[in-house]
Amino acid sequence: MMLRIHRRMSRRVLVGAAGVLAVVTTAVLSGCGAGGGAPAAGDDSITVLVEAGGHGELQPIADQFETDTGTSVTFVELPYDGLYNRLNSEFSSGSLSFDVAALDSIWLPTFAEALTPLDDVFTDEVQSDLFPALVTEAQVDGSFVGMPAWTNSEILYYRTDLFEDPAQQANFKAQFGYDLVPPTTWEQYADVAKFFTQDTDGDGQVDIYGTDVKGAVETEWLATLSQTGEKDMVVGDDGTVSLGDEDSLEALDFYTSLLPYAPSGAAQLDWAGSQNLFNQGQVAMMRFWAHAYKQIPADSAVAGNVGVMTMVGGPGGVAGVPGAWYLSVPAGTSKQEKALEFVQYAYDHNELSVDTDLGLASRISVLEQYQDKPGYENYKPLIDTLNAESTIPRPANPKWQEIVDSALIPMIQKAVVPGADNQKLLDDAKAQVESIIE
Amino acid sequence: MNGLETTRVSSRAILWVALVLLVVLYGFPFLYMLFTSFKTPLETIAVPPTVLPSTWTIENYTSAIGRDGVVASFINSVVTAVLSTAISLVLALPAAYAVTRFRTRFGRFFIVGALVMRMVPPIVIGVPMIGIFRSLGISDTSLALAIAHATISLPLSIWLMSSFFEAVPEELEEAAKIDGASRLGALWRVVLPVTAGGIAVTAIFAFLASWNEFLFALLLTATRSQTTPIVIANFQTQFGLDWGAMTALAVLYSVPVILLALVLQRHIVAGLTAGAVKG
């Protein structure tokens with residue numbers, strides 16, 4: 001009996017082992033891998049590493065590039081954090097799987113040494129068609145290492161149904177003594193945020209808030225910092241850390257003063273959460289990246305009732321944080337010529353990015369060409385915000401990502417807790433940033 | 001009902017309540033993900049969130065499946081996980097057998113060394129692997145990724161199989177040898193069938209380690225061998241988060257594993273309890 005069972009089991013194991021062996025053999029012989037096309041190994045193809053959300057911006061350019069030059073472009077999409085890790089690992093190992101990479105602006109200083117200089121591409125004509133902050137940002141140690149593929153900035157979103165409501169307008173004027181208009185200054189923004197924090201059905205609960213306050217991201221506070229007129233964003237060119245100074249305190253105080261007019265849970269609120277709140281009609285205003293204008297769902301509570309304006313201004317004027325992505329060519333790729341050709345082509349055909357999911361471009365001339373057309377109402381505020389004198393790029397510091405993750409975001413998250421000591425938080429963050437860049 | 005019976009019933013009731021709470025605790029995130037996958041895009045981002053969809057739709061599933069590379073990534077995940085499991089078992093079975101049967105000093109050193117390998121952060125071996133696989137000409141293949149995954153599952157597989165082999169009385173092998181079997185024959189005809197449950201458990205652990213792995217897949221794959229965890233992560237971009245499609249794909253991706261666990265449930269239970277009581 002035992003022997004029979006063992007024989008039966010033995011046969012099962014044998015069949016199982018044979019099956020596994022067959023799979024292994026098949027997979028090995030078939031070259032392993034079912035996805036996409038073949039890797040870009042030939043001379044007539046290049047591979048572009050890109051964050052998943054930005055792939056759509058480049059696809060029309062890649063399609064046209066292939067038609068015009070015969071060179072096919074294969075995209076490798078990765079999640080945002082994963083892209084950084086992948087780049088870091090490949091540059092560290094010296095073994096590259098891509099010929100062009102789309103890099104977030106804040107990564108350029110980190111990877112600059114491994115990138116091919118693009119100085120020849122950045123002619124005077126090219127530079128004059130790019131926003132000043134982008135020209136500054138594209139340079140690391142005096143050499144251009146990335147060509148902006150598209151750019152972004154926070155602008156002001158507001159609900160036109162609320163702002164154009166005669167009853168709201170009358171109430172606002174009675175309460176604040178001036179007309180209800182989309183705010184352009186901190187003071188107006190705070191007034192409007194306070195005004196629209198309302199209990200609309202009289203049940204004692206707030207039904208709509210004036211604004212949101214984001215605690216889980218840093219860029220909005222950085223824009224607020226620039227709006228004070230601060231010329232060094234956190235870290236100056238000489239390595240001086242400006243956190244804790246008068247401007248940074250003023251920025252943090254204003255940022256957190258809006259908490260009473262924002263939904264709870266600010267410490268955990270990030271971009272996705274903020275966008276959801278606005279699209280659900282839960283806040284009257286939102287400061288957000290310009291691309292969101294095209295992403296308002298047709299069945300959203302605010303669809304058709306959204307206006308956009310230039311980012312608000314503080315004591316130092318209007319300011320945003322440029323959020324550009326750059327095309328860079330790794331020095332280690334053997335397809336330098338093709339890769340550089342693609343970068344130049346992407347610049348020359350920048351207008352192809354306009355009709356995509358994000359609908360962003362990087363050239364001033366392209367944005368200006370579309371700014372008055374229906375559906376592109378976000379372009380003018382974007383242009384004005386990026387052209388504002390106080391709009392400056394984030395510091396060209398290779399440790400910037402670490403500064404953001406370890407010092408800035410934790411500081412903001414603590415600051416949006418009621419009763420926080422902002423000066424102490426800034427001082428602590430300053431010490432931390434100094435230890436990071438030491 | 002006397003006092004003893006009352007106490008017994010109360011204890012069972014408390015136990016059942018605790019079990020139900022535990023199941024709810026573990027099951028709720030998955031159920032929430034399942035329900036979210038059937039919500040409309042707008043309802044997936046509703047504030048405050050809803051548990052059950054007000055309108056059921058399969059739109060997220062069609063959207064997720066229709067996305068470029070999703071089906072291919074599924075195939076890649078299956079091929080990679082099967083390959084990785086096969087590599088782990090083919091290497092772990094003889095290694096564990098040798099360690100448990102020969103009991104040499106080197107064997108003891110080896111098995112501790114295998115455990116130490118589990119303590120090395122994957123990123124440390126991930127970076128050199130990029131160069132190694134490229135020089136071998138197998139970068140961006142399921143084989144390369146499976147080998148990388150085997151570095152995760154192999155130590156655990158060796159340890160698991162060692163405990164299962166340990167539970168098999170050596171007398172069984174002796175009996176087979178008396179009947180004329182060689183050591184290899186005894187291993188093949190007697191030990192492996194007896195430890196089939198253990199092998200199933202080890203295979204499942206190895207399979208799951210590969211199925212859900214993210215970091216190596218991120219570092220070592222591109223267009224040809226990208227697995228589904230990377231594709232799922234790609235639904236969250238810097239510019240938005242497609243909750244509906246993401247949860248739909250996550251549900252689909254968990255189905256094969258759930259089926260596998262159900263099919264092999266008997267072996268898993270048998271394997272996990274094997275060796276618990278030595279006779």
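This is a predicted model: local features need pLDDT of at least 70, side-chain atom pairs count only at pLDDT 80 or more; totals for chains, interfaces and linings use all residues.
# Aromatic pairs and nonpolar cores

Trp271(A) and Phe288(A) are both buried. Across all chains, the model holds 34 aromatic pairs.

**Aromatic pairs and a cluster**

- Phe176(A) and Phe195(A) pair edge-to-face, with 6.5 Å from centre to centre and 80° between their planes.
- Phe176(A) belongs to helix H8 (residues 166–176) of chain A and Phe195(A) to helix H9 (residues 186–196) of chain A, so this pair ties together parts that lie 19 residues apart in sequence.
- Phe195(A) has a relative accessible area of 7%, so this residue is buried.
- Trp271(A) and Phe288(A) also form an edge-to-face pair, at 5.3 Å centre to centre and with 90° between the planes.
- That pair links distant parts of the chain, 17 residues apart: Trp271(A) sits in helix H12 (residues 271–279) of chain A, and Phe288(A) in strand S8 (residues 285–289) of chain A.
- One aromatic cluster is formed by Tyr80(A), Tyr84(A), Phe91(A), Phe98(A), Trp107(A), Phe111(A), Trp150(A) and Trp325(A).

**Charges over rings**

- In chain A, Lys373(A) lies over the face of Tyr370(A), 4.4 Å from the ring centre.
- In chain B, Arg67(B) lies over the face of Phe235(B), 4.4 Å from the ring centre.

**A buried leucine in a loop**

- Leu358(A) sits in the loop between helix H13 (336–348) and helix H14 (364–370) of chain A.
- The relative accessibility of Leu358(A) is 2%, so Leu358(A) counts as buried.
- Setting aside residues up to four places away in sequence, Leu358(A) touches residues including Trp150(A), His291(A) and, from the other chain letter, Phe239(B).
- Between the C-alpha atoms of Leu358(A) and Gly236(A) there are 32 Å, and the two residues are 122 residues apart along the chain.

**Nonpolar cores**

- The largest nonpolar core has 156 residues, and those touching the most other members are Leu87(A), Trp107(A), Tyr157(A), Trp221(A), Val234(A) and Phe342(A).
- Helix H16 (residues 400–415) of chain A gives the most to this core, contributing nine residues.
- Beyond its neighbours within four places in sequence, Val234(A) has contacts that include Leu222(A), Leu225(A), Trp400(A), Ile403(A), Leu408(A) and Val433(A).
- A second, separate core holds 18 residues, among them Tyr61(B), Phe207(B), Val231(B) and Val257(B).

How values were computed: Residues are numbered from 1 along each chain as its sequence is written. Chains are lettered from A and ligands numbered from 1 in the order in which they are written. Side-chain values use heavy atoms; hydrogens and water are left out. Rings of Phe, Tyr and Trp (its six-membered ring) pair if their centres lie within 6.5 Å; planes under 30 degrees apart count as stacked, over 60 as edge-to-face and the rest as tilted. Helices (H or I, at least four residues) and strands (E, at least two) are DSSP runs, numbered from the N terminus. Buried means under 20% relative accessible area, exposed over 50%, partly exposed in between (1.4 Å probe, protein chains only). A charge sits over a ring if NZ of Lys or CZ of Arg is within 6 Å of the ring centre and within 35 degrees of the ring normal. Contact means heavy atoms within 4.5 Å. A nonpolar core is a set of buried Ala, Val, Leu, Ile, Met, Phe, Trp, Tyr and Cys residues joined through side-chain atoms within 4.5 Å.
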